[in-house]
Structures are given as C-alpha cells and as structure tokens.
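Hello,

Here is the structure we talked about. Please have a look at it first; my notes follow below.

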Amino acid sequence: MSHTDLVGSTGESCPLMGNYGPPQRLFVSGSGVELFDRDGNRHLDFLCGLAVTSLGHSHPAVTEAISVQAGKLIHVSNLFANEHQAPVAETINRLIDSGPGQVLFQNSGAESVEAVIKLARKFQGRGRHVVVSALRSFHGRTLAALAATGQPEKHEPFQPLPEGFRHVVWNDPDELERALSPEVGAVLLEPIQGEGGVNPADDSYLCAVRQMCDDRGILLILDEIQTGFGRTGDWFGFQHAGIRPDIVAFAKAVGNGMPVGGVWARTDVAAAFKPGDHGSTYAGQPLALAAARATLDTLVAIDAPSLVTEKGATLISMLTDLSGVTSVRGRGLLLAAELSPDALAGRSAADVARRCLDRGLVVNGITPTALRLAPPFIVTDAQLAEGVAVIGSVLEEN
Ligand SMILES: *Cc1c(COP(=O)(O)O)cnc(C)c1O
C-alpha cells in the first residue's frame, strides 16, 4: 500500500508534514489486542501505540468513562477543580509508594519532562541547574527534553539547545559519579531505556545512583513515561531496585490512549512550584482525567503487575525458542528480541517488522538488529503464540 493510497497524495501536495515518514497502514478500529485497517484486515498489536494502550484497544471501562464525561463536561481550565484530579493523583501517589508526594498533570511525555526539569531548577536554585542523563536515553522532542535526550545525532539539526545538560555512559556508576560536579542539581534516568533499545538499568546501578544523589543533595528524577503503570511487572520500573525517587515523570499508559501525562514529586520538592511557575491550559482536564481514572482503576482491579509478570515470562520463553532469536532483554512486557545475523540475512529489524506487519503483526525495529515487543497486558497465551509464530515465519523466509 503506498503513501498516496493512505493519505491522498505525496510530497508538497500532501496535507501532512513528512516528519513521521510514509505511514504503513490506516487503522480504523481496534478491540483488545486486535487492530483493523480500512480494508478489514486483522492485525495483532504487540506495540500498543508505543507502550500506551496497555489495556488493549477500546477497553470498555475507558470508552464508557470518556463517553459519559464527554456528555457532561470536557474542559474548564485550571482556574477550577474537576472531580477526577484528586482521585487520580491519590491513586498515583499510592502506586508510586515512595512517601508523601504530590502530582501535577500534563498532556504528554515531553511536557512532563519539561516540567520535571523546571521543577528541579526551581528547587535547587541558580547555579545547581545542570541535569545529568544517560547516553542513548530518550526524554522527548521539545527543546529541553531533546537536550536531555542522550542522542547527539538528534540534537545536531536544532542547535543551539538549552544549556545545562550533560550525558554519561549508561549503567556505569563510576562514570556518573565523575559527572556529579557542584552545578549538578538532578540526575534523570529511565529505569529501562525504551527508545534507546530496551536497555534495562541494573538494580545495583539504580541503588548506587540513589546513594550518590543522597550524598550530594542531588534530585533523582526517573522518567517512567514508557515503563510506568505495570509495564515492567511492577507498578513502576524503579520498584524492582527497591529505591525511592524524588521526582517521577509519567505519561503514555496512564490514559490508555488519551493524552495524559504528569509529574509526581516528593512533597517538599513539589512545594518549589508556586502559583504562576508552571501550567498548561489543557493539563488535567476532565475528559483526559476521566480516561486516566478508569484506566488506573482497571489496572489496579486486574492486578496489572502480576499479570504482566506472568505474560512476560510466557513471551520471553516463546521468543527464546525461536532459532533466529539470540537473546531477549527487558522486563515484564517491555522486551527486545535480538535477531541473529543468519535470521536477518542482510535485512534490518525494521525490514523484519514491515514483513510482520504484512502478516498481521504490529512490532517495531528498535535497533538495526532487535525487535521491540510491548503487547497489551490482556493478551492471551494463544495470541502471544500467534504473534511469535509470525515473527518465526518471517525470520525463516530469508
Ligand atoms: C515516549 C517517551 C517520551 C516522550 O513522550 P511524548 O508523549 O511522545 O512526548 C519521553 N520519555 C520516554 C522514556 C518515552 O518513552
């Protein structure tokens, strides 16, 4: 199917900018793990809109909450409260389980990262504004989030970026320690680097980072945008290491597809934001938060972490059984399958993902040699087997 078929035209006559590249499908409906394109072709979604729709497509509780709220009240601005903000914030406080904290809602991941950077700067004061993050990290596309993102090739076309960012080799405590000069106010890390290749932090690394930050009065900020809300088999990725963060950025799965994000911070850190310091017109609006409330209530009701732990173990063993897969990394249902040179046979993982799509499976090439899999938590063992069989057949067809 060509670009022209999907969006009407190509190049300058196309009504859409080209920054996403040519779309590969036009999906019109979804239900649970299944997605249907406009010709009615069924696909299994093992990507969840990039780890967003953890409860599957059109989950009845979320759809109902959005429908009811849309008929009641969609937006009033942050000059006023709404009935969902406090309950959702209380649930997030409980799931983060790291002592007294407060929540500020946002609309997206990048905005949540912008907010955590501003909060850390405000709390630490001028002169302690530097944020240290990791090479290969991904924190979003707005200018400060891009500056925090540890991928220099993504920076180049947009220089000069905001100053005050420093990058260190991933998962190496000694490297990090050397970067912690007096101007450093915060360390920003993903518990598992998602876009950077599904690279988990060692639990011992996170513990060492926590200690270094404590010793120096540095804030530890965790970007849980991809890893949060059960995806790794715990409510948040940092919980595997048994540490407590000072600040957490979240988004993606919290609204099961509605644009919701936000920041959690230790109460004394949260107090640094005074009226007028930060805000966003839509953030925390009733429609988005009705979706978040239904999503979180459902994730709690199904005990998402244990479900994910069980499904993740099943998926790892199925992938490991494929002869073209050399190793599987990640945690829970955020996994990458490393493909052997023989199975790749000169193709990239993105080529393999395109062939999988042709056979009705949505996955993506996260590095030139690895596929990322992030299926919804409600996936059945039969669906896992069906999806893995598609990958197996594509790897054998070279
Ligand atoms: C997706 C992602 C972001 C950016 O979120 P957007 O909603 O796309 O702005 C930031 N950090 C991590 C870890 C992500 O996975």
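**Helix packing and the ligand site**

Helices α3 and α11 are roughly antiparallel to each other, because angles over 145 degrees between N-to-C directions count as such. Their axes come within 8 Å and cross at roughly 155°. Axes here are lines fitted to C-alpha atoms over the stretch in contact. Helices are DSSP runs (H or I, at least four residues), numbered from the N terminus. α3 covers residues 60–72 and α11 covers residues 286–301.

This is a predicted model: local features need pLDDT of at least 70, side-chain atom pairs count only at pLDDT 80 or more, and totals for chains, interfaces and linings use all residues. Residues are numbered from 1 along each chain as its sequence is written, and side-chain values use heavy atoms, without hydrogens and water.

Helix α4 (residues 85–96) also packs with α11, at about 35° with axes 9 Å apart. From α4, the contact (heavy atoms within 4.5 Å) includes Val88, Ile92 and Leu95. From α11, Leu289, Leu296 and Val300 are among the residues involved.

Now the ligand. Residues around it (a heavy atom within 4 Å) include Ser108, Phe138, His139, Glu190 and Lys252. Gly109 places a polar backbone atom 2.8 Å from a ligand oxygen. Ala110 has a backbone N or O atom 2.7 Å from an oxygen atom of the ligand. Asp223 uses its side chain: an N or O atom there is 2.8 Å from a ligand nitrogen.

Best wishes

Methods:
Axes are lines fitted to C-alpha atoms, for helices over the stretch in contact, and angles run from 0 to 180 degrees between N-to-C directions. Helices (H or I, at least four residues) and strands (E, at least two) are DSSP runs, numbered from the N terminus. Angles under 35 degrees count as roughly parallel, over 145 as roughly antiparallel, 65 to 115 as roughly perpendicular and the rest as oblique. A polar contact is a pair of N or O atoms within 3.5 Å; within protein, one must be able to donate a hydrogen and the other to accept it, and residues adjacent in sequence count only if both atoms are side-chain atoms.
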